[in-house]
Amino acid sequence: MNLDGRRESSNVEDRRGMSGGKKAGLSIGGIIIAMAIAYFTGGNPLEAGLQAAQQSIGENTEVSSEQREFTEEEQELATFATQILAGTEDVWTEIFAENDMQYQVPMMVLYTDGTQTACGQGSAAMGPFYCSGDQKLYIDLSFFTTMKQQLGAEGDFAYAYVIAHEVGHHVEYLTGILQDAHAKMAKMSQADANKMSVRLELLADFYAGVWAHHDNERFGSLEDGDIEEAIQCAQVIGDDYLQKKSRGYAVPESFNHGTSKQRMKWFKRGLETGDVSQGNTFECSDAEL
């Protein structure tokens, strides 16, 4: 992506290296595997991450506050994330205004290992997640290394897609879609709740594509190969792909993020149209998803 001269968002809390309260005793290898599986195949990313952490804890230990120098790569990723967040602020502020609404920007929290959230204890094992309780995105930047090493999804636009997807959940929250879906899911069977979750996730994928469409129109941010990076990312984070990779087979009734085909379809629809009215994931039949 071409981000030269782009501003960085000021709506960022940098908690990297700070105490997160309790730290799960996960090995580095265990964290990497748990991050990928929990983020991309868990029903509720926060709950899935908590379960992964709890299963690995013998005795909780306090995370000490530490002051350290961040590597050049870490700092570059932090700058990149704040620039992408700024881009989502610009795009969604304009889209909301066009629809006679006011966009309320979310806060992005950068953290290491674990941190407190309004949704409970956050852990790196969850991967990036959105907490509607405080309207914040939580990201341990090491997740992007996980994407590259464990899933083969790499490139700056693939990373931007992940951030824009979480912002997409914030858009769902601001429009009331997220709350309505969660209220309905609480009264459903697990299988039906999973289907509802798929529609939420595909809508967030669509919103990520809408952002990319308008960001490119405003700033000329997309470069050769960027779209391919995002499509590759969408493919390898499909429920069917990940379940076959980890188990050797897929269980469709447990899908809660969408198949590779579905995730690519809805991201591409948002990217190609840039039209929020085309994100009708809750109006489609299961076959049309």
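Is methionine 126 buried or exposed? Methionine 126 is buried, with a relative accessible area of 0%. Keep that in mind for the close-up views below, which come from a predicted model.

**View 1. The whole chain, to get your bearings.** The protein chain has ten helices and eight strands. Of its 289 residues, 52% are buried. Among contacts between residues at least 6 apart in sequence, 76% join residues at least 24 apart.

**View 2. Methionine 126 in its loop.** Here you can find methionine 126 in the loop between strand E6 (120–123) and strand E7 (129–131). Look for glycine 114 as well: twelve residues separate the two in sequence, and their C-alpha atoms are 9.7 Å apart in space.

**View 3. The disulfide of cysteine 119 and cysteine 131.** The structure holds one disulfide, and this view shows it joining cysteine 119 to cysteine 131, with an S to S distance of 2.0 Å. The link is right-handed, with 95 degrees about the S-S bond. It connects distant parts of the chain: cysteine 119 belongs to the loop between strand E5 (114–117) and E6, while cysteine 131 belongs to strand E7, twelve residues apart. Cysteine 119 counts as partly exposed because its relative accessible area is 32%, whereas cysteine 131 is buried at 0%.

**View 4. A stacked ring pair.** A search of the whole structure finds ten aromatic pairs. In the pair shown here, the ring centres of phenylalanine 129 and tyrosine 138 are 5.1 Å apart and the planes meet at 15 degrees, so the pair is stacked. Both phenylalanine 129 and tyrosine 138 are buried.

**View 5. An edge-to-face pair between two helices.** The rings of phenylalanine 206 and tryptophan 266 have centres 6.3 Å apart and planes at 80 degrees, so this pair is edge-to-face. Phenylalanine 206 sits in helix H7 (residues 190–219) and tryptophan 266 in helix H10 (residues 260–273), 60 residues apart. Both phenylalanine 206 and tryptophan 266 are buried.

**View 6. Arginines over aromatic rings.** The charged end of arginine 269 is placed over the ring of tryptophan 266, 4.3 Å from its centre. Arginine 6 lies over the face of phenylalanine 219, at 3.7 Å from the ring centre.

Note on methods:
Residues are numbered from 1 along each chain as its sequence is written. This is a predicted model: local features need pLDDT of at least 70, side-chain atom pairs count only at pLDDT 80 or more; totals for chains, interfaces and linings use all residues. Side-chain values use heavy atoms; hydrogens and water are left out. Helices (H or I, at least four residues) and strands (E, at least two) are DSSP runs, numbered from the N terminus. Buried means under 20% relative accessible area, exposed over 50%, partly exposed in between (1.4 Å probe, protein chains only). A disulfide is a pair of cysteine sulfur atoms within 2.5 Å. Contact means heavy atoms within 4.5 Å. Rings of Phe, Tyr and Trp (its six-membered ring) pair if their centres lie within 6.5 Å; planes under 30 degrees apart count as stacked, over 60 as edge-to-face and the rest as tilted. A charge sits over a ring if NZ of Lys or CZ of Arg is within 6 Å of the ring centre and within 35 degrees of the ring normal.
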